[in-house]
Amino acid sequence: MSQSLIFDMDGTLFQTDKILELSLDDTFAYLRSKSEWNTDTPIAKYREIMGVPLPKVWEALLPDHSRKVREEVDAYFLKRLVENIRNGIGSLYPNVKEVFRYLKENDCSIYIASNGLVEYLQAIVKYYNLDHWVTETFSIQQIDSLNKSYLVESIIKKYDITKGAVIGDRLSDINAAKNNGLVSIGCNFDFAQEGELSQADFVIDDLIELQTLLPHMNCK
């Protein structure tokens with residue numbers, strides 16, 4: 001098969017919703033304790049923008065707060081996310097390890113490209129031993145842009161990738177594939193939106209579908 005598969009993390013490999021609400025609740029409780037917030041946690045708003053880099057998240061959720069407060073919240077939220085991951089509260093999506101095992105047995109290279117921060121991604125990879133299959137995990141934090149297309153481009157350049165696919169649940173993943181000449185595979189999972197998925201080359205409802213899709217797919 002010999003292809004390169006670049007996976008998104010949140011909403012694609014990792015069921016972020018299992019720690020999202022808990023971590024966000026903790027974060028806004030922290031804001032309330034500092035008299036910086038006085039209403040409910042904006043879970044619904046966060047779900048709408050799930051997948052964008054965290055600086056953009058805080059701009060959307062805390063538009064009237066100072067940059068200093070946003071940076072403080074960002075650090076606190078990251079801490080809570082990592083603690084929850086290490087405590088085993090989160091979960092991978094079904095069949096992640098089975099699919100990774102299949103891909104490696106069929107001479108595929110696996111990478112992760114995420115808008116998540118390095119420490120957060122490392123916590124997930126380490127807890128679930130994903131580095132047994134994943135060649136390298138890349139964070140948006142490692143480049144001078146918040147555009148995932150550039151992150152995928154950096155992976156392609158580093159590993160001289162000529163054919164493959166980007167697998168993810170949001171439009172940023174689909175665009176990252178198309179902007180770099182790769183196949184886009186949309187994941188119809190928790191945070192996916194129909195209008196965005198309609199732009200993907202292929203759409204799957206379960207990662208296990210990759211086992212039948214990839215051998216018959218022209219990865220350019």
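The structure is a predicted model, in which local features need pLDDT of at least 70, side-chain atom pairs count only at pLDDT 80 or more, and totals for chains, interfaces and linings use all residues. Residues are numbered from 1 along each chain as its sequence is written, and side-chain values use heavy atoms, with hydrogens and water left out.

The chain holds 10 helices and six strands, taken as DSSP runs (H or I, at least four residues, for helices; E, at least two, for strands). With a radius of gyration of 17 Å, close to the 17 Å given by the globule rule for 220 residues, the chain is as compact as a globular protein of that length; the radius is taken over C-alpha atoms, and the rule is 2.2 Å times the number of residues to the power 0.38. The C-alpha trace spans about 55 × 30 × 30 Å along its principal axes.

An automatic or database domain assignment divides the chain into domain 1 (4-15 + 91-216) and domain 2 (16-87). Their centres, taken over C-alpha atoms, lie 24 Å apart.

Where the domains meet, 17 residues of domain 1 are in contact with 20 residues of domain 2 (heavy atoms within 4.5 Å). About 1,800 Å² is buried between them, with carbon and sulfur atoms giving 66%; this is the accessible area (1.4 Å probe) that two parts lose on being put together, summed over both. Zero salt bridges are counted between domain 1 and domain 2 (a side-chain nitrogen of Lys or Arg within 4 Å of a carboxyl oxygen of Asp or Glu).
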